[in-house]
Amino acid sequence: MDIYQVAQEMRPVVYQAGEIAKRYFLNVKAERKADHSFVTKADREVETFLKEEIHRLFPDHGVLGEEFGQHQLEDAESIWAIDPIDGTAPFVYELPVWGVSVGLLHKRKGVLGFVYLPVMDEMYWAVAGGPAFVNEREIQVCEPLEMVRGTCIVAPSITFRG
């Protein structure tokens with residue numbers, strides 16, 4: 001499998017998934033799942049779209065989605081993990097800090113990942129062992145900073161509206 005080719009085929013699909021979600025943003029009705037977390041029509045529609053596109057492009061790949069569970073995992077060497085609206089609570093509360101997250105595991109190892117932030121039109125993506133990108137621009141990945149006890153970041157939704 002040429003992972004860079006897979007990345008190039010999936011990038012527009014993840015982008016389209018974000019555009020589907022963005023159509024619902026600022027006009028969403030939320031429901032509660034059994035675990036009391038939010039779910040929306042956008043979550044379900046985005047996951048369905050991604051699953052269908054993955055099976056169209058990569059028929060032998062499995063899919064594990066947050067909303068609908070497993071599809072074709074039995075003998076799949078490659079499995080896509082989908083969080084259709086990563087940050088459903090901010091999505092529901094009209095904060096622009098949500099995205100579409102999609103990752104690929106090959107033989108149980110993470111090899112490719114995308115996080116698309118539609119409101120900012122930024123797609124972060126990387127291939128294992130390769131550089132990371134935001135859209136087309138290569139970015140430098142650094143070690144995460146440790147949060148010191150008592151550190152807190154708070155911003156009301158009105159801060160982000162313009």
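Asp86 stands opposite Gly99 in strand β6. This pair sits in a predicted model. The strands here belong to an open sheet of eight strands with mixed pairing.

**The sheet as a whole**

- The strand order is β4-β3-β5-β6-β7-β8-β9-β10.
- β4 (69–71) and β10 (137–139) stand at the edges. Each has a single partner strand, so one side of each lacks a neighbour in the sheet.
- On average, neighbouring strands of this sheet are turned by 20 degrees against each other, direction ignored.

**Helices on the sheet**

- Helix α1 (residues 3–24) packs on the sheet. The strands touched by α1 are β5, β6, β7 (109–117) and β8 (122–127). The direction of α1 makes about 35 degrees with that of β7.
- Helix α2 (residues 41–57) also packs on the sheet, where α2 touches β3, β4, β5 and β6. The direction of α2 makes about 155 degrees with that of β5.

**How the strands pair**

- Strands of a sheet pair through backbone hydrogen bonds, and the pairing is either parallel or antiparallel.
- β5 (residues 78–86) runs parallel to β3 (residues 62–65), and four bridges join the two.
- Across this pairing, Leu64 stands opposite Ala81 in β5, and Gly65 stands opposite Ile82 in β5.
- β5 also pairs with β6 (residues 99–106), this time in the antiparallel sense, over seven bridges.

**Side chains**

- In a regular strand, side chains alternate between the two faces of the sheet.

Definitions and conventions. Residues numbered from 1 in each chain as written. Predicted model: local features only at pLDDT ≥ 70, side-chain atom pairs only at ≥ 80, totals over all residues. Heavy atoms only, no water. Pairing = 2+ DSSP bridges. Axes fitted to C-alpha atoms, helices over the stretch in contact; angles between N-to-C directions. Contact = heavy atoms within 4.5 Å.
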